[in-house]
Amino acid sequence: MSTEAVTHPTYGNWRRPRRPGLGPLGLVGTFGVFGGLVLTLLASLISLYAAMVVFVPIAVFLVPLAIRTQDGRNVYQLIALRIGWRRRKARGAHLYVSGPLSARPGGRFRPPGLLNKVSATEGRDAYDRPFGVLHHPNRNLYTIVLGCDPDGGSLVDPDQVDVWVALWGEWLARLSHEPGLRGASVIIETAPDPGTRLAHEVLPRIRPDAPAAARAVMEEVVERYPTASSEMHTYVSLTYGVPAGQKRKKEDVITDLAIRIPGLLSGLVAAGGGAAYPLSAERIAEVVRVAYDPAVAADVLNARAQQGGTGLEWDDAGPAAAVETVGSYQHDSGVSRTWLMTLAPRGTVRSSVLRGMLEAAPGTRRKRVALVYRPIDPATSARIVEADRRSAQFMATSGRGMVQARAASEMRAAEQTAAEEASGAGLVEFSLMLTVTVDTMDQLADASVTVRNLTAASRVLMRPADRMQAAAFSCTLPAGILPWEQTLIPHELQEAL
């Protein structure tokens, strides 16, 4: 190991999970190939014409399965996506209106889409702190949200950063041993400072008999500082499920979650999360409310500072109206676009690889980066790494030239993953999503350029979530929406921690 590697640690070794089957055909295409060959051979016993009649339709069916886009979708999946979008648009599902003037019962402003059936409850942990629990009745899932103020990387020794990364990896690995945990997500939200937080902190502390010069300086700082500053919030949502065949009361589930929260918070603090705390049901509703209507961010901060809270409930956290288009999502005072990761940074990376993407972006109202994790239990992890190891060995010994060189590199990564898993490391699937909110539709073009620059600097390949903007927007909120619980074909990456 070189001196540079010791001084500046590098990270990586994540791998895209291999698709079962032959090449790009997948499992269905592989069965189709072998079944088609058998049928063609049987038909050839009758005549050559009969064999051609059987072979041609099978070939026409299999060719679209072999053609895949950069994110791994085949032609049939693209067609199904477009058909689904047209059907939603035909029945008006891309439009949402709530409140007293809507046709929905109750006259409340419930969040739309995947969050429409969610309900919020509140419990208290071992330290008597309130924490909100979101219940997803369709999947019988329960979500808790933790907030933290991570320590920044400025003026921090590289050794300390390396320790934080190692402890964060250990925290993620421990999630695979959490009973009933279905998934976790880390949301980093940035926005320009509304200019009220500093005023609430400084102005009430100025003494009436203070010198005029000192008062003038403090008032000027309060007036000018917020124009160049930004606010950053970090949320960690954990979603738990009830095992199949078991019926548990909601109160029992909340009591179980209350016992786990202190241990989860201590792990976040050790991993550089700073002050960590559970979010109450009111605080979760405020975060979702501001995401749908960014213009009320200052009012929410003022109410929290002056009254100690807003009193907002989950049933009133949604937008009054929302419109989903192919490439955008309009909601109250904002217009958003969400991108999905298609390829993680190749090779080794530094600990600051995502720093530019996580920082506030100029010209945007709000920006959220969501890292979605799916822990894998130890038994399944062992089977996955061994299957990847055998597959990588086969590819490395069957190719030539540049193909063999890349396969050899994948084999080394697979061997390292297997060794780390055997020594006790955890395996987790992860993905990344990014949502940018601006004021008007005209600003989306500039926001797209900004996102391309941020992703290029972070060496991450991303694409817009076209025809899925409303669902993708919900996935970047700290509300516990797990993409693989809503789809039949998960698409994540694996990382050995």
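Mentor: Strand β10 (residues 334–343) runs antiparallel to β12, and 6 bridges join the two, where strands (E, at least two residues) and helices (H or I, at least four) are DSSP runs numbered from the N terminus, and two strands pair if DSSP finds at least two bridges between them. Within this pairing, S336 stands opposite T437 of β12. Strand β11 (residues 366–376) also pairs with β12 in the antiparallel sense, over 11 bridges, and here Y373 has F430 as its bridge partner in β12.

This is a predicted model, in which local features need pLDDT of at least 70 and side-chain atom pairs count only at pLDDT 80 or more, whereas totals for chains, interfaces and linings use all residues. Residues are numbered from 1 along each chain as its sequence is written, and side-chain values use heavy atoms, with hydrogens and water left out.

As for how covered the strand is, 12 of the 12 residues of β12 (residues 427–438) are buried, a term that means under 20% relative accessible area, with exposed set at over 50% and partly exposed in between (1.4 Å probe, protein chains only). In a regular strand the side chains alternate between the two faces of the sheet. In β12, L427, E429, S431, M433, T435 and T437 point one way, while V428, F430, L432, L434, V436 and V438 point the other way, and all of these residues are buried.
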